[in-house]
Amino acid sequence: MLLAQVLLNGLLLGGLYALMALGLALVWGVLNIVNLSHGAFIMLGAYATYFLFTQAHLDPFLALPFAALALFVLGYAVQRGILNLVIRGPMFNTLLITFGLEVVITFLAQLFFSADFRTINPVYAGTNFDLGGLTVPQVQLMAFAIAIGLTLGLWAFLLHSRPGRSIRAVSQNLLAAQLYGIEPRRIYAVTFGLGTALAGVAGGLYGTVSQINPYIGTALTAKSFVIAIIGGLDNPLGVIVGGLFLGVAESLTALYIGPTYTDVASFGILVLVLIVKPTGLLGRTA
Amino acid sequence: MTSRTRRILLTLVLGLPLLAAVPWIASPVLVQFGINMLIMATLAQGWNIIGGYTGYSSFGNSVFFGLGAYGVGIAMAQFEQPFWIGLGLGLLLAVVFALAIGLPVLRLKGHYFAIATLGLAEVVTAIVSNVPIAGQNVGLVLPLLKSDVLFYELSLGLLLVATLVVFWLSRSRFGLALIAIRESEEAAAVMGVNATRYKILAFMLSAALTSLAGGVYAYYITFIDPAGAFDISLNVKMIIMAVFGGPGTVLGPVAGALLLSVLSEVLASKVTNIAGLFFGLVIIAAVVLMPRGLADLTQKFRRSGWRYFAQNIRDHRL
């Protein structure tokens, strides 16, 4: 029974992990930018939701679309104004500039939001229900459902909508896409904006299940990396698998080996996956 | 002798005595700052070999730094051996680790290599935190040697060795092979370069220099623990300094490390509350305006002036 409960917790956590990594994987896969500031955008999303909840008294789950919108605008502006300027440079440079962004965002967050720990705590935060002897925390379940829903939504969006097709076209062949009349500067900015909007939602959900402060970004970026690598960058469904896999692996490690070893487990898995199959568990073989 | 060689030698001949004289004229605080700065420059130079010349952006160099530090720590604190034995032990650990890890990991390219080495760094940190001989989470306390002058000159010597190694690299067959690998691994292989062997040798060389810096630093601060010795942000700093100065050049990473160290030190003492912000903005501005680093800037700025910055943006924007 303990094992089943731990597995359930791992799966619920894994859904949220998947959503965290989704934006990173999208931006990485389409724009070839490893966004080291991804975690910082997650953090901003968490604060946006937090302030909508505490100041505007909006239910955190209703606040999510607004947080997503704010983060989309921010992401769009960052890509359009800064990242588009260096995107054709050497690979180090995009890595470096997003690191610089992370430093700036974290600093500003600490300045405006202070370094205090905060949690988004709606009245129903502690509600659980019973499912065949297992305890299901309501908030976690809702976060899980939203995460999976958004991942599937992104998948459908990329596959079937017109802007989604443009994004895929740009990632496959920039020149050919331009010849078909796609304006890459805008599509790149939209893609990055989508990535940060997803980060924003992930942040809002993270704030309802865990504590937030301005410094959570780096660790969340690292986690998102691991998931994106495990799942592969080819399609959002791989990211779900990567997220669930990591959530379960961390929970099992915490149960059987010890909570301090969860990072060893996740990064150990990361290195193994990279060495055995660098395109991800579900990715195409190179 | 080309003009570039002459400039490098001139910088060394003029700069060295000046730098070496610092501990005898400057205040103790400045000497301590100098030690940190020289160690950082050595690390940036070590990263330059694998990251700048070979084009493999390693996030595992902080592991080599940590192994070097722990070599000295274990030898001195646990076995009461002299410093030099510890330095050798750390060097051995780092080079063997680079060899063992290089074989599987150097097959990966681009981002994947960067992230695999990042993952390894996390794993090694966690392992060291659980090894009794390395003091586990508590760390090790080394015997105290109160001589900043000695550490300063030692760090300077180490930076000199690292720079000479890179200088040699820049004009040897070995270095040319690394550059060929960076530019196109397939093309290099076609030209008969054994890419795997050269990459691993470059990784080991980078590991060796980095571990020596780690060893000196451990003895200097007399205390090491896993979180400090294997700090990933140290690796990020190496990269920033090398890239800011100019990766794949002889003096670029040193110049980058010196300039950024001074900059962040001055900012931290003058305007503490915005130092972090400024550092981030400098990185962003540097990547946008001078993506090939200081080395490229000093070469071309004289010819094209301010248009140099506009040209960079035009070259790399979408």
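Reader: How are α11(B) and α14(B) oriented to each other, roughly parallel or roughly perpendicular?
Author: In this predicted model, helix α11 (residues 232-245) of chain B packs with helix α14 (residues 293-304) of chain B at an angle of about 10°, and their axes are 3 Å apart. Angles under 35 degrees count as roughly parallel. The two helices, α11(B) and α14(B), are therefore roughly parallel.

Reader: By class, which residues make up the contact of α11(B) with α14(B)?
Author: From α11(B), the contact is made by B:Val243, B:Phe244 and B:Gly245, and from α14(B) by B:Gly293, B:Leu294 and B:Ala295. Gly counts among the polar residues. By class, the contact has no charged residues, two polar and four nonpolar.

Reader: Is α5(B) largely enclosed by the rest of the structure or largely exposed, and how many of its residues are buried?
Author: Helix α5 (residues 110-128) of chain B has 19 residues and spans 28 Å from its first C-alpha to its last, close to the 27 Å expected. A residue is buried if 20 or more other C-beta atoms lie within 10 Å of its own. Helix α5(B) is largely enclosed by the rest of the structure, because the number of its 19 residues that are buried is 14.

Reader: Is B:Glu80 buried or exposed?
Author: B:Glu80 lies in the loop between α3 (61-78) and α4 (83-105) of chain B. Although not a glycine, B:Glu80 has a positive phi of about 50°. With 9 other C-beta atoms within 10 Å, B:Glu80 is exposed.

Reader: What is the phi of A:Ser114?
Author: A:Ser114 is found in the loop between α4 (91-113) and β1 (128-131) of chain A. A:Ser114 counts as exposed, with 10 C-beta neighbours inside 10 Å. Although A:Ser114 is not a glycine, its phi is positive, at about 60°.

Terms used
Residues are numbered from 1 along each chain as its sequence is written. Chains are lettered from A and ligands numbered from 1 in the order in which they are written. This is a predicted model: local features need pLDDT of at least 70, side-chain atom pairs count only at pLDDT 80 or more; totals for chains, interfaces and linings use all residues. Axes are lines fitted to C-alpha atoms, for helices over the stretch in contact, and angles run from 0 to 180 degrees between N-to-C directions. Helices (H or I, at least four residues) and strands (E, at least two) are DSSP runs, numbered from the N terminus. Angles under 35 degrees count as roughly parallel, over 145 as roughly antiparallel, 65 to 115 as roughly perpendicular and the rest as oblique. Two residues are in contact if their C-beta atoms, placed from the backbone, lie within 7 Å. The expected span of a helix is 1.5 Å times one less than its number of residues. A residue is buried if 20 or more other C-beta atoms lie within 10 Å of its own, exposed if 12 or fewer, and partly exposed in between; C-beta atoms are placed from the backbone.
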